Amino acid sequence: MKSTPLLFAGLFASFAVAWCAVIAIPQMQIGNLQPQVDEENADVYPVDISGLSEQGRQVYVAQGCGACHTQLIRDAHMGPDIQREWGARRTVARDYIYDTPVTLGSMRNGPDLSNVGAAKSEDSTRRYINDPRWLYLELYSPRSHEADSIMPPYRYLFKKRKISGEPSPEALPLTGANAVRSGYEVVPTAKARALVAFLLSLDKSHPLKEARATAPAAK
Amino acid sequence: MSAISTELPQNVLENAEAVRLEHIERVTIDRSARAPVLFFYASAVFWLLVQNALGLIASIKIQWPEFLSACPVLTYGRVVAAHGNIAVYGWASMAGLGTALWILARLCRVALPRPALPIIGGAVWNLGVVAGTLGILFGNGRVLPFLEFPKSAMLVLFLGYCLIAVWGIVIFLQRRPGEVFISTLYLVAALLWFPWLLAGSNTLLGWHGVHGVMQAVVGAWYAQNLLGVWLTALGLGTIYYFIPKVSGKPVYSASLAGLGFWAFIILSGWTGMQRLSGGPVPAWLVTVSISATIMLLIPVVIVMVNYLLTLRESFSLLNHSPTLRFAFFGALSYFVANVVFLIGSFRSVGAVTQFTWFGVAEDQLFINAFFSMAMFGAMYYIIPRLVVAEWLSGNLIRIHYWGAAYGFGMSIVMLLAAGVAQGSAQSVIRIGEGANPQADFMLSVSAMLPLLIGRVMAQVLLCIGNLVFAIHFALLLLRLGRPSADEPTLFGAKS
């Protein structure tokens, strides 16, 4: 290899061809998907989240939640996600068109969060429940739900304050080692509120033409 | 009789003159490279220790979530992200750039034209790493692996990179006529590939070029190219330099090496989508990457065969030469890394190992067991030539070697085992009366935790080894080495 132009051209061509195959063609295929609109009742999915939930997405990213949690359901033959009752169908590209940034995640030290906000049973043994107060307590003290949880406590997303007048309806029901002195309460900060709003907005259970449910929805 | 007696001294004289000129040339090159390369190495070693410390903190947090939990700056997700990014941009890239500049200067026989400019580039690059780290720790981080640095920090890195790498290319273009060594090809390829990768991917991601899942596609492609091309090409180029250099034998087959190089360059860009296997991407995309990874075994084997055959008569040197032993450990790890990566690529395996510590082990195999070890080897060779003094003690080098070899090795074995344990536990779904698949998730946590304790111990070993290395290096920088007229510092007594 004595010819410098030939070397540079070869390198560039290798890079460019791979780039076209792996980035440009998929971009044409799934880069500009639109929401699915139902003809009969104008049911649109997915919808963009905004306001508090959108701020919560930034909190989710900033706290590094994605280091341990995924937000994708694999098809039944690619992994046991559906049997695990994390979702009734696999997730597909259309589910994520408004996710900026997309938080698919790459580790499951904790459970998948694709459908935290989807309606779930009242059964309190479930790992997460469509209930802000459960989620607040989970963030403040994960071990009050699961004794062996390895999730770090996010107490700094909450504040302890003196109760003035009526106790806040958002105050955490803390007991045992977490209990606070009487006359005080622990309430979520704006960040915790946003994060929980975001978690509750996570719902990829809506039927899509390209991804039918392969198992009965979690009961 | 008399004819011979007059000829011999003549030859010796000519040879002596050639040796002297070559020596002067090397000294000139080393002098030109001294300040920038030592600056890069010092920065790299500093970041190496920082990332070791962060890795240890993260590992402790997994076992004991309350550890430092009151400190938002050091929450688990941020520490992990900072650890991974500093490992690649702080330690590996700085070490790789320093090594690449020095090897290119030596092989092209060109002194670094303006040593001050790469130093400025290195300072800018360090600034980028600092900004990125602070960005992550104070809540400005992003979400894709190895792209957690805020985009502004990536811009700073890019500027710093251009100021550094352009000199590598300048040296290459000014090279003395003659053979272009295989090592040079790999290093130049790395230097040219990385800016496109960094700029292209970050432009698409940071400035809203792609939406939704395509961000993850770009991210996966970036991460794979970062480890599989940028670091790999730097590492292979370095090993291709030092194995022949230390053993005193030319590369066994130059044509085989060229074939391996082009196969590597053509195929590598197609790999990486396995990271999204089963995810919300077209299935063909993952299949393409799996196929490319299988074919990539060809250049991997070519490189390994070439290394081994070059060394075929010199394996005993591994007992003495620190450079060769580190580099050879790196070369073997390169092979293992690719095989493990290939195994993890298959969908049937991925169904278990995806989203587990197995993936962390794959990355660590490339970054640490392969690349870091190759860089340590290079540093043990290059630094004495730059400071014109020998390493103080073969025993300190030995402590570093065993700390790093056991540390990386055990850490990776534990991660692989933890990944398999975690993934297997997650694949088993109990059904029937009273079964609660969501609650059973905790079984995977209890399966992985004991193995990850092993990783903590490995990380402690690593910290010790690397700290010894850092102190040894600092002593050399403070001119406390042995005089360079002595023999190079080797393992044990050379017979």
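Let me begin with a question: is Glu85(A) buried or exposed? Glu85(A) is buried, with 24 other C-beta atoms within 10 Å. A residue is called buried if 20 or more other C-beta atoms lie within 10 Å of its own, exposed if 12 or fewer, and partly exposed in between, the C-beta atoms being placed from the backbone.

Residues are numbered from 1 along each chain as its sequence is written, and chains are lettered from A and ligands numbered from 1 in the order in which they are written.

Regarding confidence, the predictor assigns the complex an ipTM of 0.92 and a pTM of 0.93. For chain B, the mean pLDDT (the predictor's confidence in each residue, from 0 to 100) is 93, and 97% of its residues reach 70 or more. Over residues 1–6 of chain B, however, the pLDDT is below 50, and this stretch has zero contacts in the model beyond near neighbours in sequence. Contact here requires that the C-beta atoms of two residues, placed from the backbone, lie within 7 Å. Where pLDDT is low, the predicted coordinates should not be read in detail.

I return to the backbone. Glu85(A) has a positive phi of about 70 degrees although it is not a glycine. Likewise not a glycine, Phe146(B) has a positive phi of about 65 degrees, and Phe146(B) also counts as buried, with 21 C-beta neighbours inside 10 Å. In chain A, the peptide bond from Tyr45(A) to Pro46(A) is cis, with omega near -10 degrees. The bond from Thr100(A) to Pro101(A) is cis too, with omega near -5 degrees.

Next, the interface. Chain B contributes 66 residues to the contact and chain A contributes 61 residues. On the side of chain B that touches chain A, 40 residues are nonpolar, 20 polar and six charged. In this classification, Ala, Val, Leu, Ile, Met, Phe, Trp, Tyr, Cys and Pro count as nonpolar, Asp, Glu, Lys and Arg as charged, and the others, Gly among them, as polar.

Definitions and conventions. Predicted model: local features only at pLDDT ≥ 70, side-chain atom pairs only at ≥ 80, totals over all residues.
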